[in-house]
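Please open the structure in your viewer and keep the selection tool at hand. The stops that follow concern charged side chains, taken one at a time.

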Amino acid sequence: MTSTDASQSFQMPEGLSTGDAARLRGLRRMRAIALSLLLLAAVVWFLTREQDGWVAYVNAGAEAAMVGAIADWFAVTALFRHPLGLPIPHTAIIPNRKESLGESLQEFVTDNFLREDVVRERIQSAGVSRRVGEWLVFEGHGERLVAEGSRVLADALQHVKESDVAAVVQEALIPRLQEEELSPVVGQLLEEVLRDDAHRGLVDLAVDELARWLSHNEGEVAALIENRAPSWTPQWLDKRVAGWVHEQVVEWVEEIGRTPEHNARIALNRWLKELAQDLQTDPATRVRFERLKVRMLSQPRVSVTSVQLWDALRRALIGSLGDEAGLLRRRALEEIERLGQRLIDEPELSQRIDATISDVAAYAVNHYGSEVATIISATVKRWDGKETADRIELHVGRDLQFIRINGTVVGGLAGVVIHAVSTIL
């Protein structure tokens with residue numbers, strides 16, 4: 001029995017992980033204990049043969065202990081290999097039926113773990129968002145996240161080739177924009193902007209900039225007016241007219257900036273509303289817009305300018321991401337820490353995020369859970385039969401040795417009871 005246990009014990013390859021090495025030591029230790037109890041029972045049985053009195057009870061117990069130990073050794077060994085190397089039917093169960101066992105394990109995981117209610121309950125009880133918030137506000141975590149994210153994003157931007165961007169713009173983006181009718185979309189967008197009065201800030205900015213330019217460039221405006229004056233008018237008159245016109249224009253533009261309901265603003269809004277409506281409903285306006293769109297997109301400078309703008313943005317982002325004390329990384333760190341604190345201080349926000357995570361996980365489980373579980377059967381199917389048995393025995397073999405130990409003890413007690421009953425009868 002000793003040589004059999006040793007010869008049939010699997011040999012795990014070198015380079016085991018720390019956990020597997022500890023499991024292997026535990027398995028060998030429990031095997032040695034179970035085998036030692038069997039040998040002890042055999043020695044006691046041999047020494048107490050053919051004796052009467054209380055020694056007979058010891059002999060009966062030792063004999064039954066041997067039977068129980070050998071029977072349980074056979075049962076445990078039959079799971080992983082043929083006992084004594086003999087091809088006894090219904091032994092080496094795991095190597096011979098590893099594929100059906102893998103499929104059964106897959107069904108078990110799918111039916112009991114990859115279920116929507118189980119996943120939702122686990123996510124809700126785990127408090128994922130709050131834990132993320134606590135991790136983010138912990139000293140050093142936010143900086144590390146920003147540093148790693150900046151490095152990854154900068155590396156990704158570094159590898160984006162200008163030729164690839166140009167190809168996307170020229171071969172995909174521009175042709176798509178040329179084919180697609182954009183006038184209804186632009187009209188609807190413009191209508192939404194006007195309805196929300198979102199263009200007011202842009203108009204104010206344009207008016208302020210125009211007033212500032214006119215105030216600081218009186219000479220250019222006067223020269224423009226004087227150059228267009230009739231040749232027969234006196235020069236002094238041209239200058240006075242130019243000055244007066246400049247004053248009137250500056251005053252008019254400033255008045256537009258001061259007056260939210262100025263007639264010029266009202267006229268501009270009316271024209272924009274008509275344009276938004278015509279872009280959606282008037283065929284002639286839509287045709288003119290589409291022609292203008294195609295004419296603009298057909299210009300060679302459009303793709304060149306787009307690539308140049310992208311390249312400038314890319315270089316600016318890379319520079320900002322590489323600057324540890326830069327505004328971009330500081331703002332990113334502030335926002336991350338603020339988000340982490342909100343996840344801790346605002347239970348409603350955490351609950352909404354956890355609910356969203358639960359919905360996403362439930363959707364994934366419902367639609368892809370069974371496919372994910374096929375990893376189990378596919379992995380087991382690729383394993384060799386002996387490798388499968390060795391892997392499983394490494395993880396559960398130590399606990400199975402308690403069956404042998406219990407069989408030895410229970411068998412011995414049963415032998416004593418049976419001998420006592422036999423003596424009484």
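**A tour of charged side chains**

Begin by selecting Asp-20 and Arg-23, whose side chains meet in a salt bridge with an N to O distance of 2.7 Å in what is a predicted model. The two residues are three apart in helix 2 (residues 18-47), so they are separated by about one helical turn. Asp-20 counts as buried at 18% relative accessibility, whereas Arg-23, at 34%, counts as partly exposed.

Next, select Arg-151 and Asp-155, where another salt bridge joins the side chains at 3.7 Å, N to O. This pair sits in helix 8 (residues 141-158), and because its members are four residues apart, about one helical turn lies between them. Arg-151 is partly exposed at 45% relative accessibility, and Asp-155 is partly exposed too, with 36%.

Now move to Arg-265 and Asp-204, which form a salt bridge of 2.5 Å, N to O. Arg-265 belongs to helix 14 (residues 263-281) and Asp-204 to helix 11 (residues 200-216), so the pair ties together parts that are 61 residues apart in sequence. Arg-265 is buried, with a relative accessible area of 8%, while Asp-204 counts as partly exposed at 25%.

Across the whole structure, a search finds 25 salt bridges.

Finally, select Glu-218, Glu-247, Glu-251, Glu-254 and Glu-255, which together form a negative surface patch. Helix 13 (residues 235-258) supplies the largest share of this patch, four residues. Glu-251 is placed in helix 13 and is partly exposed, with a relative accessible area of 45%.

Definitions and conventions. Residues are numbered from 1 along each chain as its sequence is written. This is a predicted model: local features need pLDDT of at least 70, side-chain atom pairs count only at pLDDT 80 or more; totals for chains, interfaces and linings use all residues. Side-chain values use heavy atoms; hydrogens and water are left out. Patches are made of residues with over 30% relative accessible area and no salt bridge: like charges are joined within 9 Å, nonpolar side chains (Val, Leu, Ile, Met, Phe, Trp, Tyr) within 5 Å. Accessible areas come from the Shrake-Rupley method with a 1.4 Å probe; for residues, only the protein chains shown count as cover. A salt bridge is a side-chain nitrogen of Lys or Arg within 4 Å of a carboxyl oxygen of Asp or Glu. Lys and Arg count as positive and Asp and Glu as negative; His and the chain ends are not counted. The place of a charge is taken as NZ of Lys, CZ of Arg, CG of Asp or CD of Glu. Buried means under 20% relative accessible area, exposed over 50%, partly exposed in between (1.4 Å probe, protein chains only).
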